[in-house]
Amino acid sequence: MKELRPIVEDTFVFTEEKHLTVMKTSLFFADDGYTVYDCKGELVFRVDSYGPDAREKDEIVLMDAQGKCLLTVRRKRPSLHHRWEGFIGERTEGQKPIFNVRRSSIIGRSSMTVEVFKDSGDEYQIEGCFGNRHCTIFNAAKEPMAEIKRKVDASTNVVLGKDVFSLIIKPGFDGAFAMGLVLVLDQTNGDSFEDEGNEMDPTAGD
């Protein structure tokens, strides 16, 4: 595996495998979203502007624990491939994206393709079923860079609900970038559960 460069923020490029717990908060109130914790219970990321009363549903801002805007993901319209774009920090008018995410095919079930414009121009594939909280981000060499899995309570050995899941970041991969992709997956695939063997949920064109 070649040495990776940060895509969003070098602070979140870890030298060892990092296990994060992602908690999706209730969508019944404004300013709900995500909180993400490490294995010590310390807050790593948060998303506040997310919910039914959000000012802009097609634009979501990822922040660090202190509230610094790390990344904005924004739906690109019109787009048959459900294309989303990522911008460093809080997006401003005229700012160029650093990556985009699109469904690999508009027909049936398909993986997601991630194209990075910054520096290396790398490409990634997201395969699996986000609705089941079971998918993997692969690089061009088909090496896993990050995984999304169901969360198991260590004390009871019980699988937790879909609103709490694990995000496993491989060494050298940008955790903020990975979390940005989680936000896109949540928007493009929703919360529908599929049979375990199925892949991404099909959706209609924009």
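Arg133 sits over the face of Phe130, 4.4 Å from the ring centre, and Lys142 is placed over the face of Phe138, also at 4.4 Å from its ring centre. A charge counts as over a ring when NZ of Lys or CZ of Arg is within 6 Å of the ring centre and within 35 degrees of the ring normal. The model is a predicted one, with local features needing pLDDT of at least 70, side-chain atom pairs pLDDT 80 or more, and totals for chains, interfaces and linings taking in all residues. Residues are numbered from 1 along each chain as its sequence is written, and side-chain values use heavy atoms, leaving out hydrogens and water.

Now for the rings themselves. The count is 7 aromatic pairs, a pair being Phe, Tyr or Trp rings (for Trp, the six-membered ring) with centres within 6.5 Å; planes under 30 degrees apart are stacked, over 60 edge-to-face and the rest tilted. Tyr34 and Phe165 have ring centres 6.5 Å apart and planes at 90°, so they are edge-to-face. This pair ties together distant parts of the chain, with Tyr34 in strand β2 (residues 32-37) and Phe165 in strand β14 (residues 164-169), 131 residues apart. Ring pairs also join Phe99, Tyr124, Phe173 and Phe177 into a cluster.

Then there's the largest nonpolar core, with 44 residues; such a core is a set of buried Ala, Val, Leu, Ile, Met, Phe, Trp, Tyr and Cys residues joined through side-chain atoms within 4.5 Å. Among the members touching the most others are Phe45, Leu167 and Met179. Helix α1 (residues 175-189) supplies the largest share of this core, 9 residues.

Definitions and conventions. Buried < 20%, exposed > 50% of the residue type's maximum accessible area, 1.4 Å probe, protein only. Helix = DSSP H or I, 4+ residues; strand = E, 2+ residues; numbered from the N terminus.
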